[in-house]
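Here's a quick briefing to read with the structure open beside you. Take it one topic at a time.

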Amino acid sequence: MNEQYTGESKLEYLKGDKVLWITIILISAFSIFPVYSASSNLEYIVNTGTTTGHLMKHMFFVVLGLAVMRAVGFVKYEHIGKLSAILLGFSILLLVITMFSGQQIDGASASRWLRIPGTPFSFQPSSFAYLMLIIYLCRYLTKKINRERLPIENIIYIFGPILVVFLLVAKDNGSTALMIMMVSIAVLIIGQLNWKYVAGFISAAFIAGAMFIIVALNTNMIGGNRVHTWMSRIETFTTAKTKPSEIESEEMKAKNYQVMQAKAAIVHGGITGMGPGKSALKQMLPQSASDFIFAIIVEEYGFIGAFFLITLYLIMIIRIVMIASKMPAFFGSLLVLAMGLMIFVQLAVNIAVAVNLIPVTGQPLPLISYGGTSMLVTYFQLGIVLNVSSRIQVYDEEGMGKKQSIEEINDIA
């Protein structure tokens, strides 16, 4: 009896959905092996650090991320919603600072990183701004759900913040900016914003985006933009799909190098893989420890390993949807769906790039890729999901916490 009680009390420390907790821990533990293997590329090719050093750094962020995820459970998610407007404003300020003093990435015209004063650490403000924007939208849509909003309210409090964050991020990180726009629109739809406003916003955003691209491609009015890089990647992708013979040229081979190496790694892995640490292409594949780590996973662990990892991700997404469906409070349900959507889109984009379904773009694999900012943001998102799940009364075997009153759960004003 005492042993059973002790076991239950240990599980109770994992506040929230126990299945989701176990899934997250399994993915986090698995991430150590491909990152350790692929980080040799950083040591021998990029000449930065050692594999042991990169491994220790990755493990530090995994442990820190799990601690952050657990710490989020101590704060009512309603309070996080209340703070989101202030934190969004702060993140926008960081994006502005990054535009003028951010660090360059691999010699490209992209200033995405901001160094923390007095430390050797840097972070991406765009990831933080993305998270705060989505939380803010969820809260605002919930607060105003019982009445029709005036058009000026939508412009100032909904579309304004989306456009500001989108434009500040788009200059240096087009793929993240596009994801911000897509997920924001999805949240507006799920949040029951009137369709005429959503349609109008999509139309206006499309026209503004097209004008931005035209001006950037044909004039020098928008300095330091990466539109030419975006168009080059799209052109390379479409050429490879429609005119594969043209890939044989040296210029196209150079442009398509990352995709060719990723595809070769996936083919090389076969059904069972080459074995942990035995990737033959990790030294030739740029960003093998981050953006293209899925290709290394397939090469080393084969189709079986990739299937196992994707299954864990599917379990994670399914549990998130289940939690959202069982939460009676609209804010909690919308917030969980939004967090799950952010993770799913990032996951889908990373894998789609690795298997050459979409043009190359730099998005990490959630909970796996080497790097701190994205990993901590993902753990924070999952912490919010677990926080909400701990407030739902379900069957004991599903491991949820004690139910609170609807009035308390809905108290977000």
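Let's start with a charged pair: Arg-391 and Glu-78 form a salt bridge, and their closest N and O atoms are 2.7 Å apart. Arg-391 sits in the loop between H15 and helix H16 (406–409) while Glu-78 is in helix H5, so the pair ties together parts that are 313 residues apart in sequence. Helices here are DSSP runs (H or I, at least four residues), numbered from the N terminus.

Keep in mind that this is a predicted model, where local features need pLDDT of at least 70, side-chain atom pairs count only at pLDDT 80 or more, and totals for chains, interfaces and linings use all residues. Residues are numbered from 1 along each chain as its sequence is written, and side-chain values use heavy atoms, with hydrogens and water left out.

**Salt bridges**

- A salt bridge means a side-chain nitrogen of Lys or Arg within 4 Å of a carboxyl oxygen of Asp or Glu, and by this rule the count comes to two.
- Side chains of opposite charge can pair when their charged atoms come close.
- Arg-391 is buried, with a relative accessible area of 6%, and Glu-78 is buried too, at 1%.
- For these labels, buried means under 20% relative accessible area, exposed means over 50%, and partly exposed is in between (1.4 Å probe, protein chains only).
- Asp-17 pairs up with Arg-319 in a salt bridge, with 2.7 Å between the closest N and O atoms.
- That pair links distant parts of the chain, 302 residues apart: Asp-17 is in the loop between helix H1 (2–13) and helix H2 (18–38), and Arg-319 is in helix H13.
- Asp-17 is buried at 1% relative accessible area, and Arg-319 counts as buried at 10%.

**Helices that cross**

- The axes of helix H5 (residues 77–101) and H7 come within 10 Å and cross at roughly 25°, which makes H5 roughly parallel to H7.
- Axes are lines fitted to C-alpha atoms, for helices over the stretch in contact, and angles run from 0 to 180 degrees between N-to-C directions.
- Angles under 35 degrees count as roughly parallel, over 145 as roughly antiparallel, 65 to 115 as roughly perpendicular, and the rest as oblique.
- H5 passes H7 in a left-handed crossing (the near helix is turned anticlockwise from the far one by less than a right angle).
- Helix H12 (residues 257–269) and helix H13 (residues 293–326) have axes that come within 7 Å and cross at roughly 20°, so H12 is roughly parallel to H13.
- The crossing of H12 and H13 is left-handed.

**The loop between H14 and H15**

- Pro-364 is in the loop between helix H14 (330–354) and helix H15 (373–389), and Pro-364 is buried at 17% relative accessible area.
- Pro-364 and Ile-351 are 13 residues apart in sequence, and their C-alpha atoms are 9.4 Å apart in space.
- Most residues other than glycine have a negative phi.
- Asn-356, in this loop, has a positive phi near 65° and counts as buried at 6% relative accessibility.
- Leu-367, also in the loop between H14 and H15, has a positive phi near 70° and counts as buried at 2%.

**Ile-152**

- Ile-152 lies in helix H7 (residues 151–170) and counts as partly exposed at 48% relative accessibility.

How values were computed. Helices (H or I, at least four residues) and strands (E, at least two) are DSSP runs, numbered from the N terminus.
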